Amino acid sequence: MENSDFQLDVVSVRLVKDHPIYSPVKIKDPESAIKVMGEVMKNLDREVLGIINLKTDGTPINCHIVSVGTLNGSLAEPREMLKASILSNAASMIMIHNHPSGELFPSGQDISITDRMSKVCGLVGIPLQDHVIVGGKNEGYFSFREKGVVKFMPLMEYATDINQIKLGKVAERGGDGGREVYNRGTDDSKKR
């Protein structure tokens, strides 16, 4: 195969707006998140997971419906949850999902994905403010932040010196094509 036969596709990613949910309410706490999304979610017959993207002052930018699941479960990964947040230039976000059964207590999967998202969001720089579970008839809610179920991560601090990075063994190629192995991130960062 010659180089002229190789083709690399160029792609672009754009935010496409859907039907709006109108709300002038600034989201500062779980009650205000419920005011914005609770009415929409209370009548759903399946679990739906959404991300409310927020401006710095808590004003909602948009809501991204990430997953429509089954009667008692929803599948989502951080990569899907972050897409609209990044494209919307969100300053922070809130996860919200419903439990059609009305049971407000989070499942093990709910706790796991909240902990994971908190960590990922800290790395990306779009902090997760809360995860709110709405009951079946919008009669109550469960706030992960209020209940202290997970530790919400602050924005991460990053190394400014290569020796602060704990990478273990790192192979580097020299100008002569030879390979040298270093122990990075330790006090004894020596060539081996």
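Student: What percentage of the 192 residues in the protein chain is buried?

Tutor: Happy to start there, keeping in mind that this is a predicted model. A residue counts as buried when its relative accessible area is under 20%. Of the 192 residues in the protein chain, the buried share is 36%.

Student: Which pattern of helices and strands does the protein chain follow along the sequence?

Tutor: Let's begin with the inventory: the secondary structure comes to four helices and seven strands. Read along the sequence, these elements give the pattern α-β-β-α-β-α-β-β-α-β-β.

Student: What share of the contacts with a separation of 6 or more joins residues 24 or more positions apart?

Tutor: Contacts here are heavy atoms within 4.5 Å. Among those in the protein chain with a separation of 6 or more, residues 24 or more positions apart account for 59%.

Student: What span does helix H1 have between its end C-alpha atoms?

Tutor: Good one to check by eye. Helix H1 covers residues 30–41, and a straight helix of twelve residues would span 16 Å at 1.5 Å a residue. Between its end C-alpha atoms, H1 spans only 14 Å.

Student: Why does His99 count as buried?

Tutor: You will find His99 in the loop between E3 and helix H3 (108–124). The cut-off for buried is under 20% relative accessible area. His99 counts as buried because its relative accessibility is 7%.

Student: Which side chain makes a polar contact with the side chain of His99?

Tutor: Two partners are worth a look. The backbone oxygen of Glu103 lies 2.7 Å from a polar atom of the His99 side chain. The side-chain partner, at 3.1 Å, is Asp110.

Student: How far from Asp130 is the nearest side chain of opposite charge?

Tutor: Asp130 sits in strand E4, and it is buried yet has no salt bridge. A salt bridge would need the charged atoms within 4 Å. The nearest side chain of opposite charge, that of Arg145, is away by 5.2 Å.

Student: Which side chain makes a polar contact with the side chain of Asp130?

Tutor: Residues that Asp130 touches include Pro30, Met93, Ser143 and Arg145. The backbone nitrogen of Arg145 lies 3.0 Å from a polar atom of the Asp130 side chain. The side-chain polar contact, at 2.6 Å, is with Ser143.

Conventions:
Residues numbered from 1 in each chain as written. Predicted model: local features only at pLDDT ≥ 70, side-chain atom pairs only at ≥ 80, totals over all residues. Heavy atoms only, no water. Helix = DSSP H or I, 4+ residues; strand = E, 2+ residues; numbered from the N terminus. Expected span 1.5 Å × (residues − 1). Buried < 20%, exposed > 50% of the residue type's maximum accessible area, 1.4 Å probe, protein only. Polar contact = N/O pair within 3.5 Å; in protein donor to acceptor, adjacent residues only side chain to side chain. Lys, Arg positive; Asp, Glu negative; His and termini not counted. Lists of a residue's contacts leave out its neighbours within four places in sequence.
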